[in-house]
Amino acid sequence: MSTQTLPTQNKKAAEIISYDPGTGKEIGRAPLSSLEDVKEAVAKARQTQPAWAALSYQERGRVILQARALMLAERDQFALLISQETGKPVAEALSMEIVPTLDAMHYFAHAAGHLLRPQKIDIGQYGLMGRSSSIVFRALGVIGIISPWNFPLATPADEVVMALMAGNAVVLKPSELTPLIALKLGDIFRRAGLPAGLLNIVTGDGSTGAALVDARVDKIMFTGSVATGKRVAEAAAKYLIPVVLELGGKDPMIVLEDADLENAARAAVWGAFANSGQACASVERCYVQESIAPKFIEKVVAETRALKQGLGIEGGIDVGSMSNENQLQIVADHVNEAKRDGAQVLTGGKRGSNVNGLFYEPTVLTNVDHDMTIMRDETFGPVLPVMTFKTQDEAIKLANDSRYGLTASIWTKNVAKGQRLAERIEAGTVMVNEVVYTHGIAQTPWGGVKDSGYGRTHGRMGLLELVHPQHIHVNRLSFLPDMWWFRYSAQASRLFGDLATHFTTGSIVRTSRLLPQMMRRLFGSRE
Ligand code: NAD
């Protein structure tokens, strides 16, 4: 059993050291960017952004597609580095990071122009007065992206691509645990011909992230824990910087008695143990209907025991190491507390004993309840606690009994019923017969409710976070003074009263009754 603590930083040398959490070996170093470095990056970004925003979507898309081509050509190097820096299996680096990133790059490079096309607004009866309104979507300027370590490529890369396609410049502050992936991402954009200054990577720790907020970027896209998210929102509020918060989850999976048991069990195991359970959308709580619980749990345990745990870079590994000692300790604390309070460990329940590094065995628990931390707080590790329920109402109540609301899933062969129940769950995304993966769909919005944060990334809603809608209003009858302008005679007051009664109903017929009064006001004397 390994109990090593991996150091993550070396502040004296003003650099951060990146370690392979599966072996404890150093794999590289990156600068610990100072406040001055961050300010300089933001200034550079601000300087280069207007020329970038002036390009067409097609021209911006060409650069993204060139970067995509380079990433595809170097996908094995990317996958290896992701695996080494996080401990996840190479297969997962490919399926859960590289595939969705390439897909998002392709999608936004082609679709952003269409998704952000100018929009005409129906302004009702004002339209009959020779006026028209449209919305154009303008880039915000400089977007600060602060990202975590669990998906060190997919999380920041998608946001970088969306921000650039929307015409912004970016300063990215990746997690101090995974700086090398971010630097490699920056490198391919540089080689793809992205003008210097448009994508700046400032590696460093929390102080570097705080400096990015203080450098007064135009928006912060933050992904990370609830505690840090609150700190970031508070700091940003000082300068009225808007923030998108993609925070933690305690995602429930509900398995109804008419579910496909075999597949639901496999989904529960993948949903809880992929990425060693270190996904914001991991299955963190499983509720199974009493009548099928014994069979379901038996299948889950068998499937879990068959998983192979080991070094991510080795072939045939299902579950890699965890990414850092702190997180592993949280997992151990949650499980130990649950055991102390009566939880039953069906498999796992301890650190990996046959490997060195930060491994925790895939763990299945029963006899758990909502008084236990393991059912309330985000565990963010390879643990699947399972509870039973009798009725659908009870299942929904349990699912909603959480301060989080990121994703949830419902398992049933009756899809209509699944959809009805989905709408009763408090979460940003609810899946019927699916788990975890919708962050990988570039077209759909991603984000949470309650403590899981606010704002969205991905899809059109995500793009809209990265622009401001500018309303352009035109009056083609420029020679006519408006009815509501000065002077306010008794006649004017009568007309305004009549407008309140008739115009505001939206009825052209009723408003037309006022035509003589309106004409007098428009063309006659206002004294
Ligand atoms: P974290 O909050 O510790 O760190 C996130 C980032 O914030 C890091 O880059 C860190 O250096 C930076 N940071 C720390 N202090 C800061 C400060 N004061 N000001 C600005 N930046 C600061 O989170 P983590 O441990 O890296 O990531 C795990 C968490 O992320 C989990 O809670 C997980 O659920 C969440 N997460 C959410 C999503 C989502 O889409 N909702 C996706 C992935 C991870």
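How many disulfides does the chain have, if a disulfide is a pair of cysteine sulfur atoms within 2.5 Å? The count comes to zero. Take cysteine 286. Its closest cysteine sulfur is in cysteine 280, 19 Å away, and that is too far for a bond. Cysteine 286 is also buried, at 0% relative accessibility. Buried here means under 20% relative accessible area, exposed means over 50%, and partly exposed lies in between, with a 1.4 Å probe and protein chains only.

A word on the source. This is a predicted model, where local features need pLDDT of at least 70 and side-chain atom pairs count only at pLDDT 80 or more, while totals for chains, interfaces and linings use all residues. Residues are numbered from 1 along each chain as its sequence is written, and side-chain values use heavy atoms, with hydrogens and water left out.

Now the overall picture. The chain has 527 residues, and 56% of them count as buried. There are 18 helices and 19 strands. These are DSSP runs numbered from the N terminus: helices are H or I with at least four residues, strands are E with at least two. The C-alpha atoms fill a box of roughly 95 × 55 × 40 Å along the principal axes. Look at the contacts, meaning heavy atoms within 4.5 Å. Among those with a separation of 6 or more, 71% join residues 24 or more positions apart.

Next, the ligand. The shell around the ligand holds 28 residues, and Lys173, Glu176, Ser225, Leu247 and Glu378 come nearest. A residue counts as near if one of its heavy atoms lies within 4 Å. Three elements each supply at least two shell residues: helix H7 (206–214), strand S9 (219–223) and helix H8 (226–238).

What about polar contacts, pairs of N or O atoms within 3.5 Å? Glutamate 378 has a polar side-chain atom 2.5 Å from a ligand oxygen. Glycine 224 has a polar backbone atom 3.3 Å from an oxygen of the ligand. Alanine 210 brings a backbone N or O atom to 3.4 Å from a ligand nitrogen. On its own, the ligand has 850 Å² of accessible area, and the protein covers 88% of that. Those areas come from the Shrake-Rupley method with a 1.4 Å probe; for residues, only the protein chains shown count as cover.

Back to H7. Its buried residues are Thr208, Gly209, Ala211, Leu212 and Val213. Their cover includes helix H1 (35–53), strand S6 (142–146), strand S7 (169–173), S9 and H8. After H7 comes arginine 216, with a positive phi near 60 degrees.

Now helix H13, residues 392–400. Ala395, Ile396, Leu398, Ala399 and Asn400 are buried there. They pack against strand S11 (251–255), strand S12 (283–289), strand S15 and helix H14 (415–422).

Last, the backbone. Most residues other than glycine have a negative phi, and most peptide bonds are trans. Where are the exceptions? Asparagine 367 has a positive phi of about 55 degrees. Asparagine 367 sits in the loop between strand S14 (363–366) and helix H12 (373–376). Phenylalanine 380 has a positive phi too, near 55 degrees, and lies in the loop between H12 and strand S15 (383–389). Phenylalanine 380 is buried, at 10% relative accessibility. Then there is a cis peptide bond, from phenylalanine 486 to arginine 487, with omega near 10 degrees. Arginine 487 is in the loop between strand S19 (467–475) and helix H16 (490–502).

Definitions and conventions:
Polar contact = N/O pair within 3.5 Å; in protein donor to acceptor, adjacent residues only side chain to side chain. Disulfide = S-S within 2.5 Å.
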